[in-house]
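Biologist: I'm new to this one. Can you put it up and walk me through it?

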Amino acid sequence: MEVAGKTIDEWTEAHPVIKEIMAAEEVFWENPDYAQMNEAISNNGLSMADIRDAEARLKRFAPYIAKVFPETEAAGGIIESPLKEIPAMKEWLEQESGTEIPGRLMLKCDNQLPISGSVKARGGIYEVLKHAEDLAISKGLLKETDDYTSLTEPRFRDFFSGYSITVGSTGNLGLSIGIMSAKMGFRVTVHMSADAKEWKKNLLREKGVQVVEHPDDYSKAVEEGRRQSEADPNDHFVDDENSRTLFFGYSVAALRLKDQLEEQGIQVDAEHPLFVYLPCGVGGGPGGIAFGLKQVFGDHAHCFFAEPTHAPCMLLGLVTGKHDEVSVRDFGLDNKTDADGLAVGRPSGFVGREVGKLLAGSFTVRDEELYRLLTKMSELENIRLEPSALAGVPGAVRVARSGFNPTPEAVHIAWATGGGMVPEDVMSADIRKGRESQMR
Ligand SMILES: *Cc1c(COP(=O)(O)O)cnc(C)c1O
């Protein structure tokens, strides 16, 4: 049997790391195609201008966001998360691994993003806003120079109620799209994969979102959502596998991070390299952020993706160079992981092709390790994350052991992608799980 033109034996011969990936071992992969920024820039036109455009759109909507989500009022309606140093966690990681981590270790706390408590509040909410703006402007109801708080008026809710939005999701994208769409007045349907946590579905139903449950994995949920959406001209499908809009929404994070680093007096340059570890599912979130970081920091930023050992879809896409032509099942993996946000078997081809050369590398983490880190993050730093959000945390140890040679001036940032909406009982059970695996 062949996979994308080669037998499995031919694949493992060409890329021995595939053997370890197939055995669901933890791997660290340095990207042989990692290129200098000027060589890596694609010629299909994605650029800083797109990031600036998304940033400006979020600013236009900020007064509206501040009004409809009061928790964002203090930040003027800008949806952003803190950047924190995590010294106790760093010390524990060093002791546990017997590896010194040169430089400081920080956490980008997207679990604290307002409205939906995960990284999806960046891309997902942005895509709903852009769609609403496009519709309202095309019908002559809105101009970019208007005060967008007028969007709270009943005439806009009436207008948007004539349109619908559909998305396929493992959970968090559904939450972001669902909450934002429902707030504006859109009808919204979320197609959920079998991995989706029960509490995420319940929360959406409470918000008036139609939830369709699928017995299959994420790719099937997306496919079904896309198919149903195509039949309705007034429906907008948020395409997690291909959306440039989502991608640019995520990329704005890089501009915000640059400001936060400056505010904290942290330099990024040749002597002070930045290492960023991004949990990866289909790739849109980490891909958009990595793209933004490379635009902002160029060769001084090194981005790594982190995936579960049972669902390393982007890694397989990058190693083989076949992107969305291969799935983890083709290589005998089951795509079963408690890191629901990362439970994706086939990567975004768009992201793999656009961001591939910009990535320094990629690594995988076992579920058991995610739980151990979840518990330690709660005990040592009092930060509560969902399993997916821990995947980037071992990155600094992996890089310290690699040929990247981080100096004592390096800054490592693990991107904590979610956890802000996890119910108390689910969180306690997860913390217990990590404690039990600690004792084994
Ligand atoms: C969705 C998600 C990711 C990964 O984003 P992708 O765009 O799917 O790659 C990481 N962490 C959490 C918590 C998520 O919900």
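Modeller: Let's start with Ser-169, which is found in strand 6, residues 164-169. Keep in mind that this is a predicted model.

Biologist: Is Ser-169 buried or exposed?

Modeller: Ser-169 is buried, because its relative accessibility is 1% and the cut-off for buried is under 20%.

Biologist: What does the side chain of Ser-169 reach?

Modeller: The backbone nitrogen of Gly-171, at 2.7 Å.

Biologist: What is Ser-193 in contact with?

Modeller: Neighbours within four places in sequence left aside, the contacts of Ser-193 are Ser-169, Thr-170, His-214, Asp-216, Asp-217, Tyr-218 and Ala-221. Tyr-218 is also among the contacts of Ser-169.

Biologist: Change of topic. How many residues surround the ligand?

Modeller: 15 residues surround the ligand, and the closest are Lys-120, Asn-172, Gly-283, Gly-285 and Thr-417.

Biologist: Which atoms of the ligand pair up with Lys-120 and Thr-417?

Modeller: For Lys-120, an N or O atom of the side chain is 2.7 Å from an oxygen atom of the ligand. For Thr-417, an N or O atom of the side chain is 2.7 Å from a nitrogen atom of the ligand. There is a backbone case as well: an N or O atom in the backbone of Gly-281 lies 2.7 Å from an oxygen atom of the ligand.

Biologist: How much of the ligand does the protein cover?

Modeller: On its own the ligand has 380 Å² of accessible area, and the protein covers 99% of that. The space taken by the ligand is the largest cavity.

Biologist: Which helix gives the most to the shell around the ligand?

Modeller: Helix 12, residues 284-297, with 3 residues.

Biologist: On to helix 13. How many of the residues of helix 13 are buried?

Modeller: 8 of the 8 residues in helix 13 (residues 313-320) are buried, so helix 13 is largely enclosed by the rest of the structure. By name, the buried residues are Cys-313, Met-314, Leu-315, Leu-316, Gly-317, Leu-318, Val-319 and Thr-320.

Biologist: What do the buried residues of helix 13 pack against?

Modeller: Among the helices, they pack against helix 1 (8-14), helix 2 (17-22) and helix 14 (349-355). Among the strands, they pack against strand 3 (28-30), strand 11 (301-308) and strand 12 (359-365).

Biologist: How does Gly-317 sit relative to Val-3? What is the C-alpha separation?

Modeller: Gly-317 and Val-3 are 314 residues apart along the chain, and their C-alpha atoms are separated by 12 Å.

Biologist: What happens in the backbone just after helix 13?

Modeller: Gly-321 takes a positive phi there, of about 75°. Positive phi also turns up in residues other than glycine: His-323 has a phi near 45°, and Asn-335 has one of about 60°.

Biologist: Where are His-323 and Asn-335?

Modeller: His-323 is in the loop between helix 13 and helix 14, and Asn-335 is placed in the loop between helix 13 and helix 14. His-323 is buried at a relative accessible area of 11%, and Asn-335 is buried at 2%.

Biologist: Last one, Ser-47. Where is Ser-47, and what is Ser-47 in contact with?

Modeller: Ser-47 is in the loop between helix 3 (37-40) and helix 4 (48-68). With a relative accessible area of 26%, Ser-47 is partly exposed. Leaving aside neighbours within four places in sequence, Ser-47 is in contact with Phe-291 and Gln-295.

Key. Residues numbered from 1 in each chain as written. Predicted model: local features only at pLDDT ≥ 70, side-chain atom pairs only at ≥ 80, totals over all residues. Heavy atoms only, no water. Contact = heavy atoms within 4.5 Å. Near = heavy atom within 4 Å. Polar contact = N/O pair within 3.5 Å; in protein donor to acceptor, adjacent residues only side chain to side chain. Areas by Shrake-Rupley, 256 points an atom, 1.4 Å probe, with all protein chains shown as cover. 1 Å grid on protein atoms, 1.4 Å probe; cavity = no way out; pocket = protein on both sides within 12 Å on 5 of 7 lines; lining within 4 Å. Sits in = over half its atoms within 2 Å of the grid points. Helix = DSSP H or I, 4+ residues; strand = E, 2+ residues; numbered from the N terminus. Buried < 20%, exposed > 50% of the residue type's maximum accessible area, 1.4 Å probe, protein only.
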